[in-house]
Amino acid sequence: MIVALIGVIALVSVNALFLIWMERKVAAHIQLRPGPMEVGYHGALQTVADALKLMGKELITPDEVDRPVYLLAPIIIFLPVLVLFLVIPFSPNLIIRDLNVGILLIFAFSSLTVLSILMAGWSSNNKYSVFGAIRSIAQNIAYEIPLLITAMSIILMVGSFKLTDIVAAQDKVWFVVIQPLAFLLYIICATAETNRAPFDIPEAESELVAGFHTEYSGMRFGLFFLAEYTNMFVVSAVATVLFLGGWRGWILPPVVWFLIKVYAIIFLIMWFRWTFPRLRFDQLITFAWKVLIPLAFVNLLVTALAIKLF
Amino acid sequence: MLISYLPILVYLIISIGLAVLIVALSEALGKKTHTAVKDLPYECGMVPISDARHRYAVKFYVITMFFLVFDIEAIFLYPWGVIFKPLGLFGLIEMGVFILILMVGLAYVWGKGALEWE
């Protein structure tokens, strides 16, 4: 138990530091520039230095904020971060608790983020923060429905919420082959859920000055950042479990395969950011309601019919 | 049975502890100098005019209402997903009708123009 806990905390922090470095490197190489190079080998320790610097920064609490809510928001966003790792199966044996509500637990706790964003945006008493928070919530709730429905079509085929059962059901063929549309929908929704470009309206730097966390500084801002990158890892891990056969692979040990798949999806999401321009807000909402939700329902119905027929 | 969910509670408590610790450490390490200008809300260098918590477009409320309806439907669907195979044909028809009613609802909302964002 203690070992698992320390492992999770180490994974969360190393993952966030690595992903920020990876994000900057991927962005740099796509734009034909080297990115961070000075600290450590190819800038590998740059994010460690940044984190240490952030630790020593002043925590500013503006005068007009709603203090209790303002102070609570970064803590609420960090709340689900460790819990989500309880049920992720890294390998047949490397899973902390194989709960029978696994996937439900992940969806339930990852939606806590919305609450924290609302608290942060509303309490900051900053116009950009309020705009960011409202947009963020409208977007997150719009993309949550197709996300839940697409995941449903996989659960229908497996008949269990247990993540290990879902992986076990893919011993012949990965679900991405049977359910390509569901995989596509899931990746789009996951990108929107994590507020990543081209769905990064809520925190569009160039128009909303980072949106809901404009007024946060120091490690309070750091907690938002940490939670964001952990969320990215979690949605990619869920995609791996649902569609890419989890830990399955050849020669290499299962854990390595799991991590390769997770980071491949994260790379794909980072690649999106430098390929697609940012959508306008109304396009974003109507796309979710007019395209994704009907498609997700159709996919679910077709899956149900196919299971009964074959 | 319930004891197997205990780790969730433990992890939640540890998460809170860790978050508070990180913020406290940052608070202790960082310097503290307050000036009247520094404590103003950030508005690209301008002095902020009036309170930020204004009224906002009614559109957002409408979208939230739809979300509530559809999210609850999704929750109804989840238990069905697990027992879909044992239920047989009955489960398929029952939930097929349910999903069709939902989609008629979506079509109605769409037709009424509630999804347009002019």
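This is a predicted model: local features need pLDDT of at least 70, side-chain atom pairs count only at pLDDT 80 or more; totals for chains, interfaces and linings use all residues.
B:Glu27 is paired with A:Arg220 in a salt bridge, in which the closest N and O atoms are 3.9 Å apart. Since A:Arg220 belongs to helix α11 of chain A (residues 218-243) and B:Glu27 to helix α1 of chain B, this pair joins two chains. A:Arg220, with a relative accessible area of 5%, is buried.

Over all chains, the structure holds three salt bridges. In another of these, the side chains of A:Glu23 and A:Arg273 meet with an N to O distance of 3.1 Å, and the pair links distant parts of the chain, given that A:Glu23 lies in helix α1 of chain A and A:Arg273 in helix α12 (residues 254-273) of chain A, 250 residues apart. A:Glu23 counts as buried at 6% relative accessibility, whereas A:Arg273 is partly exposed, with a relative accessible area of 27%. A salt bridge is also found between the side chains of A:Arg24 and A:Asp50 (3.3 Å, N to O), which connects helix α1 of chain A with helix α2 (residues 46-55) of chain A across a separation of 26 residues. Both partners count as partly exposed, A:Arg24 at 35% relative accessibility and A:Asp50 at 27%.

With regard to helix packing, helix α6 (residues 127-158) and helix α13 (residues 281-309), both of chain A, pack at an angle of about 10°, with their axes 9 Å apart. Because angles under 35 degrees count as roughly parallel, α6(A) is described as roughly parallel to α13(A). The residues of this contact comprise 22 nonpolar, five polar and one charged. Helix α4 of chain A (residues 102-110) is mostly covered, with seven of its nine residues buried; among them are A:Ile103, A:Leu105, A:Ile106, A:Phe107 and A:Phe109.

On the surface, a nonpolar patch is formed by A:Met1, A:Ile2, A:Ile6, B:Ile3, B:Leu6, B:Leu9, B:Val10 and B:Ile13, which together have about 800 Å² of accessible area. The elements that give two or more residues to the nonpolar patch are α1 (2-30) of chain A and α1 (6-29) of chain B, and α1(B) gives the most, with four residues. B:Ile3, by contrast, is placed in the segment before α1 of chain B, and its relative accessibility of 63% means that B:Ile3 counts as exposed.

Conventions. Residues are numbered from 1 along each chain as its sequence is written. Chains are lettered from A and ligands numbered from 1 in the order in which they are written. Side-chain values use heavy atoms; hydrogens and water are left out. Axes are lines fitted to C-alpha atoms, for helices over the stretch in contact, and angles run from 0 to 180 degrees between N-to-C directions. Angles under 35 degrees count as roughly parallel, over 145 as roughly antiparallel, 65 to 115 as roughly perpendicular and the rest as oblique. Ala, Val, Leu, Ile, Met, Phe, Trp, Tyr, Cys and Pro count as nonpolar, Asp, Glu, Lys and Arg as charged, and the others, Gly among them, as polar. Patches are made of residues with over 30% relative accessible area and no salt bridge: like charges are joined within 9 Å, nonpolar side chains (Val, Leu, Ile, Met, Phe, Trp, Tyr) within 5 Å. Accessible areas come from the Shrake-Rupley method with a 1.4 Å probe; for residues, only the protein chains shown count as cover. A salt bridge is a side-chain nitrogen of Lys or Arg within 4 Å of a carboxyl oxygen of Asp or Glu. Buried means under 20% relative accessible area, exposed over 50%, partly exposed in between (1.4 Å probe, protein chains only).
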